[in-house]
Amino acid sequence: MTDTPEASPPSPTEAPRTRCGIIAVVGAPNAGKSTLVNRLTGSKVSIVSPKPQTTRFRIRAVVMHNEAQLVLADTPGIFSPRRRLDRAMVAAAWESTQDADLALLVVDARAGLTEALQSILSVLKRSRAPVWLVLNKTDLIDTKRLLPLTAALNEQIQFAETMMVSAETGDGLQRMLDMMAAHVPFGPYLFPEDDLSDLPDRMLAAEIVREQILRQTHEEVPHHATVETEQWEERRDGSVRIDCTIYVGRASQKAILIGDGGSKVKDIGRRARAELETLLDRRVHLFLNVKERQGWDEERARIRAIGLEDIG
Ligand SMILES: Nc1nc2c(ncn2[C@@H]2O[C@H](COP(=O)(O)OP(=O)(O)OP(=O)(O)O)[C@@H](O)[C@H]2O)c(=O)[nH]1
Ligand SMILES: [Mg+2]
């Protein structure tokens, strides 16, 4: 963006200046936004699953590249919302494009131009920030199919750039980083250089548990479960005790989550604990408590607890 004073290149007398910009990563559910953000960051900042609507709130991740700080905002997939929870998720995604210097529209190249994508395009047309098209999952399709898809999408929006990548294999990501670092405006860093994300550890713990629920349960259970960290207790031996509550909407969902003799919740806990120990680099004692709470996805307190604004 060259129309702001900050964006002008440094004059020869000035010390070289850094670049910094906020980049909103948007798209339909399951397009691979979180996989992309994790891969660009080189660590796990956002949970990933094969099920749509995995990400529920905006997570900022910081990537340092070529003297530039790229602040990537991973967002919930955009779809037609029904529940209060869904409306808040979709609002968070759109909101993140408002203060962005650049928006990346991530498209599942194999899925192509779906109805969901079509309605995103019609809103994104009015974006203040430039929009780049990121065709993802190119490892899954024949390259011959990419050109007609690019042409069809560019008919709807004049994308400033188009890139073809695979967040899974890393293909095309180096070039993408170079281009983003060259695009963001000159300016001071917004975050300390060693910051990874703005996700507090308590939220990270809840998200890692939710990721296991998404991976280990099916049908209606994953989307009707929410996880909150109730207690975080530092132990003298350097370990931490984390107590999380899993809320589900119905008794039947609770029964599935608990499993025969508690086997399912034990498995969810075991895997989440192992992952948390790696991410937090310390011993973790994880306790999960499953509660039935009808209508939690319409409850303001539950929506705020996962970091979403209540939008009524
Ligand atoms: N083969 C392949 N799979 C991918 C690629 N990128 C993402 N995936 C898979 O696609 C699924 C969805 O990925 P996510 O990163 O959770 O997608 P998302 O866009 O963040 O989804 P929501 O948070 O629900 O909006 C996961 O199973 C990923 O492993 C890719 O480049 N190639
Ligand atoms: Mg996601």
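This text walks through a predicted model, from the whole chain down to single residues.

Start with the overall fold. The protein chain has ten helices and nine strands. Its C-alpha trace spans about 65 × 45 × 40 Å along the principal axes. The radius of gyration is 20 Å, and a compact globule of 312 residues would have a value near 20 Å, so the two agree. Buried residues account for 40% of the 312 residues. Take the contacts between residues at least 6 apart in sequence: 71% of them join residues at least 24 apart.

Next, the domains. The domain assignment gives domain 1 (19–183) and domain 2 (201–305). Their C-alpha centres lie 27 Å apart. Ten residues of domain 1 are in contact with twelve residues of domain 2. On the domain 1 side, the touching residues comprise three nonpolar, three polar and four charged.

An unreviewed entry lists "domain: Era-type G" at residues 19–186. That span is 33% helix and 24% strand. Its end C-alpha atoms lie 4 Å apart. The unreviewed entry also places "domain: KH type-2" at residues 217–294. Here the chain is 38% helix and 36% strand. The end C-alpha atoms of residues 217–294 are 19 Å apart.

Between α5 (173–183) and α6 (201–216) runs a loop that holds G187. G187 has 17 other C-beta atoms within 10 Å, so it counts as partly exposed. Q69 is 118 residues away from G187 in sequence. In space, the C-alpha atoms of G187 and Q69 are 9.4 Å apart.

Now turn to ligand 1. It is surrounded by 24 residues. The closest are G32, S34, T55, G77 and E168. By class, the shell divides into eight nonpolar, twelve polar and four charged residues. Helix α1 (residues 33–41) supplies the largest share of the shell, with three residues.

Most residues other than glycine have a negative phi. With 21 other C-beta atoms within 10 Å, N30 is buried. Q53 also has a positive phi, about 65 degrees, and is not a glycine either.

Finally, look at A103, in strand β4 (residues 102–108). Is A103 buried or exposed? A103 has 24 C-beta neighbours inside 10 Å, so it counts as buried. Which residues does A103 contact, leaving aside its neighbours within four places in sequence? They are A24, V26, T97, S127, A129 and V131. A24 is one of these contacts, and it is 79 residues from A103 along the chain. The C-alpha atoms of A103 and A24 are separated by 4.7 Å.

Key. Residues are numbered from 1 along each chain as its sequence is written. Chains are lettered from A and ligands numbered from 1 in the order in which they are written. This is a predicted model: local features need pLDDT of at least 70, side-chain atom pairs count only at pLDDT 80 or more; totals for chains, interfaces and linings use all residues. Helices (H or I, at least four residues) and strands (E, at least two) are DSSP runs, numbered from the N terminus. A residue is buried if 20 or more other C-beta atoms lie within 10 Å of its own, exposed if 12 or fewer, and partly exposed in between; C-beta atoms are placed from the backbone. Two residues are in contact if their C-beta atoms, placed from the backbone, lie within 7 Å. A residue is near a molecule or strand if its C-beta atom, placed from the backbone, lies within 6 Å of it. Ala, Val, Leu, Ile, Met, Phe, Trp, Tyr, Cys and Pro count as nonpolar, Asp, Glu, Lys and Arg as charged, and the others, Gly among them, as polar. UniProt positions are given in the numbering used here, feature names are shortened, and annotations may be inferred rather than shown by experiment. The radius of gyration is taken over C-alpha atoms; the globule rule is 2.2 Å times the number of residues to the power 0.38. Domain bounds come from an automatic or database domain assignment.
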